[in-house]
Amino acid sequence: MAVTIALALVSITLAIAHSGADAASLWRHAYHVPVVAAALHYGAGGVLAALGAVLLFAPFVLPALEREGATPAVLEGFLTFALLLGVGVLSAALAGGARRQRARYETLATVQRALDGDTPLDLAVARLRACLQARLNATVGLAVHDGSRLAVAGSASVAR
């Protein structure tokens, strides 16, 4: 996937160069596609792809700034820099948040499956402990007090 993203960035740069376009080339908008793809697949890799896109597009914008000054085309090029970086950062943040939410959902669904059905309290607590221990990658001990009954999973010292 990283090679595909790099090839897409280079291909877009070559398309801009081949078309003889300037800093306001419409091809510059195509940089957003690999940036968003990198952010969705790698998270923080979207920021790296955005930096790569900015560096690849800079040779079209900076010489135009030196030759012509701050023309509307050059300002559009600088706006593209800002947008690429913003899209990279925001897409990476959104993708990371979605991954965390998915992990939470999967944990809750696993807990629900562990507690599903009519099972004795001792067995349900043992299943819940095993589920949480596997999902959280930690040592878990549970004690559930139900009226006069006490169900312990982990060790007897958990309830004391």
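# A guided look at this chain

Visitor: Is leucine 48 buried or exposed?
Guide: The relative accessibility of leucine 48 comes to 61%. Residues are called buried under 20% relative accessible area, exposed over 50% and partly exposed in between, using a 1.4 Å probe and protein chains only. Because leucine 48 stands at 61%, it counts as exposed.

Visitor: What kind of model is this?
Guide: Residues are numbered from 1 along each chain as its sequence is written, and side-chain values use heavy atoms, with hydrogens and water left out. Local features need pLDDT of at least 70, side-chain atom pairs count only at pLDDT 80 or more, and totals for chains, interfaces and linings use all residues, as this is a predicted model.

Visitor: What is the area of the nonpolar surface patch made by Leu48, Leu51 and Leu85?
Guide: Leucine 48 has its place in helix α3, residues 45-68, where helices (H or I, at least four residues) and strands (E, at least two) are DSSP runs numbered from the N terminus. Patches take residues with over 30% relative accessible area and no salt bridge, joining like charges within 9 Å and nonpolar side chains (Val, Leu, Ile, Met, Phe, Trp, Tyr) within 5 Å. Accessible areas come from the Shrake-Rupley method with a 1.4 Å probe, and for residues only the protein chains shown count as cover. On these terms, the patch made by Leu48, Leu51 and Leu85 has an area of about 270 Å².

Visitor: What is the radius of gyration of the chain?
Guide: The chain has 5 helices and 2 strands, which follow the pattern α-α-α-α-α-β-β along the sequence. For 160 residues the globule rule gives 15 Å, and the chain is well over this, so it is more spread out than a compact globule. The radius is taken over C-alpha atoms, and the rule is 2.2 Å times the number of residues to the power 0.38. For this chain, the radius of gyration is 27 Å.

Visitor: What share of the residues in the chain is buried?
Guide: Along the principal axes, the C-alpha atoms fill a box of roughly 85 × 25 × 20 Å. The chain exposes about 9800 Å², and carbon and sulfur atoms supply 65% of that area. Of the 160 residues in the chain, the buried ones make up 33%.

Visitor: Which residues are in contact with phenylalanine 81, leaving aside its neighbours within four places in sequence?
Guide: Phenylalanine 81 lies in helix α4, residues 72-115, and counts as buried because its relative accessibility is 10%. It is 26 residues from leucine 55 in sequence, while their C-alpha atoms are 9.0 Å apart in space. With contact meaning heavy atoms within 4.5 Å, phenylalanine 81 meets Val54, Phe57, Ala58 and Val61.

Visitor: Which residues does serine 91 touch, not counting those up to four places away in sequence?
Guide: Serine 91 also belongs to helix α4, and at 14% relative accessibility it counts as buried. Beyond those sequence neighbours, serine 91 touches Val36 and Ala39.

Visitor: Which residue takes a positive phi in the hairpin of β1 and β2?
Guide: Strand β1 (residues 142-146) runs antiparallel to strand β2 (residues 149-153), and 5 bridges join them; strands pair if DSSP finds at least two bridges between them. Alanine 143 has valine 152 as its bridge partner in β2, and aspartate 146 has arginine 149. The hairpin has 2 residues between the strands, and the positive phi, near 65°, belongs to glycine 147.

Visitor: Is arginine 28 buried or exposed?
Guide: The side chains of arginine 28 and glutamate 76 meet in a salt bridge of 3.1 Å, N to O, a term for a side-chain nitrogen of Lys or Arg within 4 Å of a carboxyl oxygen of Asp or Glu. The pair links distant parts of the chain, 48 residues apart, with glutamate 76 in helix α4 and arginine 28 in the loop between α1 (2-19) and α2 (32-42). Glutamate 76 is partly exposed, at 34% relative accessible area. Arginine 28, whose relative accessible area is 6%, is buried.

Visitor: How many salt bridges does a search of the whole structure find?
Guide: Besides the pair of glutamate 76 and arginine 28, glutamate 106 and arginine 102 meet at 2.9 Å, N to O, both in helix α4 and 4 residues apart, about one turn of the helix. Glutamate 68 forms a salt bridge with arginine 67, the closest N and O atoms being 3.9 Å apart. The number of salt bridges found in the whole structure is 3.
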